[in-house]
Amino acid sequence: MDASTAGRNARALELLHSLSYFVPETQDALVQAGLNGRAPYFAGRAAPLGAVGAGVVAATFYNFNRELIEPLIPEAWSIVSPEQVIDIRYRTVGEAYERLLGADVLASRDMAEAAELASIAAQAIPGGDGRPLYSAYAELDWPSTPHLVLWHSLTLLREHRGDGHVAALQTAELNGLQALITHTATGHGFEKEFARKRRGWSEEQWNDGVDTLRDREILDADAALTEHGSDLRDLVEDITDDLALAPWASLGEDGARRLVELASPWRDSVIGQNVFPDGVFGPAVKR
């Protein structure tokens, strides 16, 4: 299997992981535990790292403004412990999967097969060197029910890939804000205003980032990617795919194709139920 195919496989299934940031089951349970505003997201995703501070969260998540995180982390850990957050998150993701896909799907042979294939890939990740967020999730106990095995496996694969993506962005000398600006400019990521506000950047900070990228001839006068900028983003994606190849290669082309075949209808069902808010994805995103 080549790295580009592995990257397409990863992107095809990522929404079955990221639904956890949007479903009301998880959000409501974390709010009931005492977390408000954006704290459920930051605490929810960062909990396996332990009771870390805002700097660690900003560094590992990469394209969020630290100023957005500082009022929420580490205060969240004085309200609910990381261990409690992990328990809430896995329990409520299971509930959301059942609501969205139905009990029959969760109990099906297809789900069991998909969970097995995804776990084979996740357990073939070659190690955690330089992958802090992946390594934190890799230290958690594995769930026992197939749909949570699937979600946990996809989470490991996503955070492993994400840590590698940060390394690729660093190689391209794109800081978190610049990475976000150039990603939205491709048309394949978040829409600009959603990205700016969701990641906590002011218009002034965003515009300063755009100016810096113009000076580097990555963006043109209209804030669109130049040829150099497009080549740089392509390089980032190629490096990301290369660094994330090993677990998908362990499945082989047939195994990976079968996993995507099994899980894609569930992804499409989730999308069809409007789990993700309007404005999340750019016009060129193929979901």
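Predicted model: local features only at pLDDT ≥ 70, side-chain atom pairs only at ≥ 80, totals over all residues.

Biologist: Why does tyrosine 41 count as buried?

Modeller: Buried means under 20% relative accessible area, exposed over 50%, and partly exposed in between, with a 1.4 Å probe and protein chains only. Tyrosine 41 has 14% relative accessibility, so this residue counts as buried. Tyrosine 21, at 17%, counts as buried as well.

Biologist: What makes the pair of tyrosine 90 and tryptophan 151 edge-to-face?

Modeller: Rings of Phe, Tyr and Trp (its six-membered ring) pair if their centres lie within 6.5 Å; planes under 30 degrees apart count as stacked, over 60 as edge-to-face and the rest as tilted. Here the centres are 4.9 Å apart and the planes are at 85°, so the pair is edge-to-face. By this rule, the count comes to 9 aromatic pairs.

Biologist: Why is tryptophan 151 called buried?

Modeller: Its relative accessible area is 0%, so tryptophan 151 is buried. Tyrosine 90 is likewise buried, with 11%.

Biologist: How do you know that the charged end of arginine 45 sits over the ring of phenylalanine 61?

Modeller: The rule requires NZ of Lys or CZ of Arg within 6 Å of the ring centre and within 35 degrees of the ring normal. The charged end of arginine 45 sits over that ring, 4.3 Å from its centre.

How values were computed
Residues numbered from 1 in each chain as written. Heavy atoms only, no water.
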